[in-house]
Structure formats: structure tokens, C-alpha cells
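This report looks at helix packing first. Selected residues follow.

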Amino acid sequence: MMNEAQRQNTGRLALAIGIAAAGSAACLATYFAVQGPFGTINDIGNAATGVLSAGLAWRLRREITGRAANLSVGAAIVGAGLTVAGSTLVVSGTTGFFFAGLVSSVGFAGIGAWLVVLNKGDAMTAVLPRRLRSLGIAAGALMALGIAAAPGIVLRLDDMAAAPAWVWIGLLGWLGIFVAYPAWAIWLASVEARLYRQAIAMPDGTGA
């Protein structure tokens, strides 16, 4: 179980994820509306969301038991690396945004798999509201759809207009990344902050 300092830091990290993901989504919408540098900011935000997610997965690794712990945390860390790779590809001009998006989609799929395992675990069941865990499972499942984009990477697809229909199944994962995941992260941050306040108010468990 987390102590007070760990709980506070976990909440701060979750809040950072929520802000990064929501901010990245806002920048993408702004880019489509007015162009400018917002596309690049979105790409940087995606990478930041991935890296912060790997940090949260590592911080909460003891909240998952059994073989699923190493597998899911490993998937989140590898996934974070792919989100950075995807953003680097498009920011550097090495590939177009579509191919880079496929790479990032697969990366976030790994993070989504970890998110499902985390929220289904007994440790989270004991401390988190049921609806928060349900949101985490839904967000993770949506994000995990990104794995369907993997064949597109192998095929080097980089033209959105010519992309086959099945690729869009993988891109549905962005609904989880930009909507459900930041909502879960911000909610988790608020829960952790409340538990932290309760813990410091009752340091000896008596309320005195």
C-alpha cells in the first residue's frame, strides 16, 4: 500500500497525465482550425503523455500482482517509447503525420493494456470508486484498439486518403487517449488527493 508521500506524488503524476493528454487534444483541434505551431505542440504533448504514463505504471507496479504485473508494466514502458518515436518521426519530418500516428497508436495500445490490468486488480478495487475503475477499463480498452494499426506500420502506410478501412479501427484508440484517459487520470488525481488529506488528518488512524 502507498504511504502519504507516495500517494501525493501519484496524484500529481496522474494530474500531469490528464493535463498533458487533454492539452494535446486541444492543440490538435486548434491546429485543424487555425494551423500554426499547434500540430507540433500536439505531437510533443502526445510524447509527454506517453512518458508520464510509463512513470505512473512504474510507480503503481506494486498495485498489480502476479505475472500480469511485469507484462503490463513492460507493455506501458515499451508503449511509451513508441509514442516518443511516433512524435519524433513527424516533428523531424522523417515521415508524415499519418504513419507517425500509427506508431503512436500502437504505443498507446500498450499503455491501454496496462490501464485495463491496473483497474481490474484487487488493489485498485480496494481503494478506487467502482465508476473510476470502470472508466479506466473502458479507456484502456479503447486505447488497446491501437494495436490494429500495427500492420499499417509494416506496410509503411502514410497516406490517410488511401488507407484501408481496417486501419481506422486502430485509430479509434485516440478516443481513449484524448477523452477517456485524461478524464480517468484527473479523476484518479482527485481521489489520491482526498485520500492523502484523510491520511495526514489521521496519522495514527484514530482521528486524534
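## Helix packing

In α4, G101, S104, S105, F108, I111, W114, L115, L118 and N119 meet W174, I177, Y181 and W184 of α9. Contact here means heavy atoms within 4.5 Å. Helices (H or I, at least four residues) are DSSP runs, numbered from the N terminus. This is a predicted model: local features need pLDDT of at least 70, side-chain atom pairs count only at pLDDT 80 or more, and totals for chains, interfaces and linings use all residues. Residues are numbered from 1 along each chain as its sequence is written, and side-chain values use heavy atoms, with hydrogens and water left out.

Two packed helices are described by the angle between their axes and the distance between the axes. Axes are lines fitted to C-alpha atoms, for helices over the stretch in contact, and angles run from 0 to 180 degrees between N-to-C directions.

| Helix pair | Angle between axes | Axis distance |
|---|---|---|
| α4 (residues 97-120) and α9 (residues 173-201) | roughly 40 degrees | within 10 Å |
| α2 (residues 38-59) and α3 (residues 67-91) | about 165 degrees | 8 Å |
| α4 and α6 | about 155 degrees | 7 Å |

The axes of α4 and α9 cross at roughly 40 degrees. That makes α4 oblique to α9. Angles under 35 degrees count as roughly parallel, over 145 as roughly antiparallel, 65 to 115 as roughly perpendicular and the rest as oblique. α2 and α3 are therefore roughly antiparallel. α4 and α6 are also roughly antiparallel to each other.

What is the handedness of the crossing where α4 passes α9? It is left-handed. A crossing is left-handed if the near helix is turned anticlockwise from the far one by less than a right angle, and right-handed if clockwise. α2 passes α3 in a left-handed crossing, and α4 passes α6 in a left-handed crossing.

The contacts between α2 and α3 include T40, D43, N46 and A47 on the α2 side, with V73, A76, I77 and A80 among the α3 residues. Between α4 and α6, the α4 residues include S105, F108 and N119, and the α6 residues include L132, R133 and G136.

## A buried arginine

R133 sits in helix α6 (residues 130-144). R133 is buried and has no salt bridge. Buried means under 20% relative accessible area, exposed over 50%, partly exposed in between (1.4 Å probe, protein chains only). A salt bridge is a side-chain nitrogen of Lys or Arg within 4 Å of a carboxyl oxygen of Asp or Glu. Lys and Arg count as positive and Asp and Glu as negative, while His and the chain ends are not counted. For R133, the nearest side chain of opposite charge is D122, 8.4 Å away. Leaving aside neighbours within four places in sequence, R133 contacts N119, M124, T125 and L128.

## Loop residues and a helix residue

Most residues other than glycine have a negative phi. Q35 has a positive phi, near 65 degrees. Q35 lies in the loop between α1 (4-34) and α2. Its relative accessibility is 40%, so Q35 counts as partly exposed. R156 has a positive phi too, near 60 degrees. R156 is in the loop between α7 and α8 (167-171). R156 is exposed, at 58% relative accessible area.

I147 is in the loop between α6 and α7 (150-154). Beyond its neighbours within four places in sequence, I147 contacts V106 and A109.

A5 belongs to helix α1. A5 is partly exposed, at 44% relative accessibility.

How values were computed: Helices (H or I, at least four residues) and strands (E, at least two) are DSSP runs, numbered from the N terminus.
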